[in-house]
Amino acid sequence: MRIRTALATAAAAGTLAAIAAAPAQATEYSSALKIKGVQYDAPGRDSNSCSTGNTKDEYLTIKNYSARTTVNLKGYVVKDAAGNRFVFPANHYLQPGDYIKLRGGHGTDSDANNVVYRQNCNFIWNNDKDTIYLYKSSGARADVHSYTKSGNDRDGNGYITYHG
C-alpha cells in the first residue's frame, strides 16, 4: 500500500513539475486549419500604392494540418485586432498538408501557386504588434495569435512562425 501511495505521489509531482515547466501556449481550437506564419512587416519601405507598393509582400500563411480532411476556405474570415477583415469569397480547397498564402494587393488567386489576394492595397498587419484571428465559415474561432515585434521576431526579418 505504501509503495502505491509513494508511486502515485511521485507521479503527481512529476506531472505538476512538467506542467509548470511547459511554456504558455495559445488556446488550441478544434480546426484543421491553423495560422502557420505571418510576414507582418513587408521587406522595404511600406507603400500601399496599388501600382508600385509592397502590400503583396505582406502575407499570412494558413495550413491544413489534418491528415485526411480537405477543407474549403470559402467563408473563412481573417481579422486583425482593429477589426480589418478578409472573407474568402470563393471555393478554395486545401488538401491535407497543403497551405495558402493570403497576400495583400491585387492579383489572380491560384490553387496551383497556393495564393489568394485580398484585392486591397492597404496593409492589414501592424509592424509593431497585432492579433491575428482565423474564423471558420460557421463563425467558430479556428486559431488566434498575438505578436509583438520585440517579443516574437527574434531575427528581425518581419516573419513569425506558428504551428511550424
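A charge sits over a ring if NZ of Lys or CZ of Arg is within 6 Å of the ring centre and within 35 degrees of the ring normal. Select Lys79 and Tyr133: Lys79 lies over the face of Tyr133, at 5.9 Å from the ring centre.

This is a predicted model, where local features need pLDDT of at least 70, side-chain atom pairs count only at pLDDT 80 or more, and totals for chains, interfaces and linings use all residues. Residues are numbered from 1 along each chain as its sequence is written, and side-chain values use heavy atoms, without hydrogens and water.

Next, the disulfide (a pair of cysteine sulfur atoms within 2.5 Å). The whole structure has 1. Select Cys50 and Cys121; their sulfur atoms are 2.1 Å apart. Cys50 sits in the loop between β1 (33–39) and β2 (59–64), and Cys121 in the loop between β8 (115–117) and β9 (129–135), 71 residues apart. Strands are DSSP runs (E, at least two residues), numbered from the N terminus. The link is right-handed, with 120 degrees about the S-S bond.

Now colour by accessibility: buried means under 20% relative accessible area, exposed over 50% (1.4 Å probe, protein chains only). Cys50 is exposed at 55%. Cys121 is buried at 6%.

Move to the aromatic rings. Rings of Phe, Tyr and Trp (its six-membered ring) pair if their centres lie within 6.5 Å; planes under 30 degrees apart count as stacked, over 60 as edge-to-face and the rest as tilted. The count is 4 pairs. Select Tyr40 and Tyr147: centres 4.8 Å apart, planes at 40 degrees, so tilted. Both are buried. Then select Tyr59 and Tyr159, also tilted, at 6.1 Å and 40 degrees. Tyr59 is in strand β2 and Tyr159 in strand β11 (residues 159–161), 100 residues apart.

Note on methods
Helices (H or I, at least four residues) and strands (E, at least two) are DSSP runs, numbered from the N terminus.
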